[in-house]
Amino acid sequence: MKLTGNILNIKNKRDDRNADVSIEVDKIEYVTYKKDGKYYQPFNVEVELEESLVITGDQLARKSEKHLQEGEYDFDVYDKAEAEYVLNEDKFLSVLLAYDEFEQEHVLSSVEYTVTLSNEEFKVLKEEQHKLRQSRKGTGKKKK
């Protein structure tokens, strides 16, 4: 995870002027909701990326949540479709900033990037991740 620019400049509306702000995400949390009896329960899988995903500030708008911890900021994520930006309700970014007294600046403490999938897409992703883990396990074994 890496932050370039001042993410605090991003306000409640998406703005092209924030293109100089970028955040690199190293892992994505995929979530789906399945009915368990009467209620929907969340199920998730975290995927470590081989190459960081870069999200620029012009794709973000700060959510106006009043019940967040100090230094925690949530963002709506927009996808660029041709010349327009379209809000993607299935994507969510949350960052936690800590203030460094010595450096007199905010430092990125954690990043959480979440994508909501349908049950079918989630099942396929989970199977792919399982196969990937199995293939990695197999490469570490030596034949006698």
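Trainee: How many residues lie between β5 and β6 in their hairpin?

Mentor: Good place to start! Keep in mind that this model is predicted. Strand β5 covers residues 72-81 and strand β6 covers residues 84-100, and they pair in the antiparallel sense over 10 bridges. In the turn of the hairpin, E82 has a positive phi of about 60 degrees. The number of residues between β5 and β6 is two.

Trainee: Is E89 buried or exposed?

Mentor: E89 is found in strand β6. Together with D90, E120 and E121, E89 forms a negative surface patch, and the elements that give two or more residues to this patch are β6 and α1. Exposed means over 50% relative accessible area. Because E89 has 66% relative accessibility, E89 counts as exposed.

Trainee: Which element gives the largest share of the positive patch?

Mentor: On the surface, K34, K123, K126, R133 and K137 gather in a patch of positive charge. One of them, K123, lies in helix α1 and is exposed, with a relative accessible area of 54%. The largest share of the patch is four residues, and they come from α1.

Conventions:
Residues are numbered from 1 along each chain as its sequence is written. This is a predicted model: local features need pLDDT of at least 70, side-chain atom pairs count only at pLDDT 80 or more; totals for chains, interfaces and linings use all residues. Side-chain values use heavy atoms; hydrogens and water are left out. Two strands pair if DSSP finds at least two bridges between them. Patches are made of residues with over 30% relative accessible area and no salt bridge: like charges are joined within 9 Å, nonpolar side chains (Val, Leu, Ile, Met, Phe, Trp, Tyr) within 5 Å. Accessible areas come from the Shrake-Rupley method with a 1.4 Å probe; for residues, only the protein chains shown count as cover. A salt bridge is a side-chain nitrogen of Lys or Arg within 4 Å of a carboxyl oxygen of Asp or Glu. Lys and Arg count as positive and Asp and Glu as negative; His and the chain ends are not counted. The place of a charge is taken as NZ of Lys, CZ of Arg, CG of Asp or CD of Glu. Buried means under 20% relative accessible area, exposed over 50%, partly exposed in between (1.4 Å probe, protein chains only).
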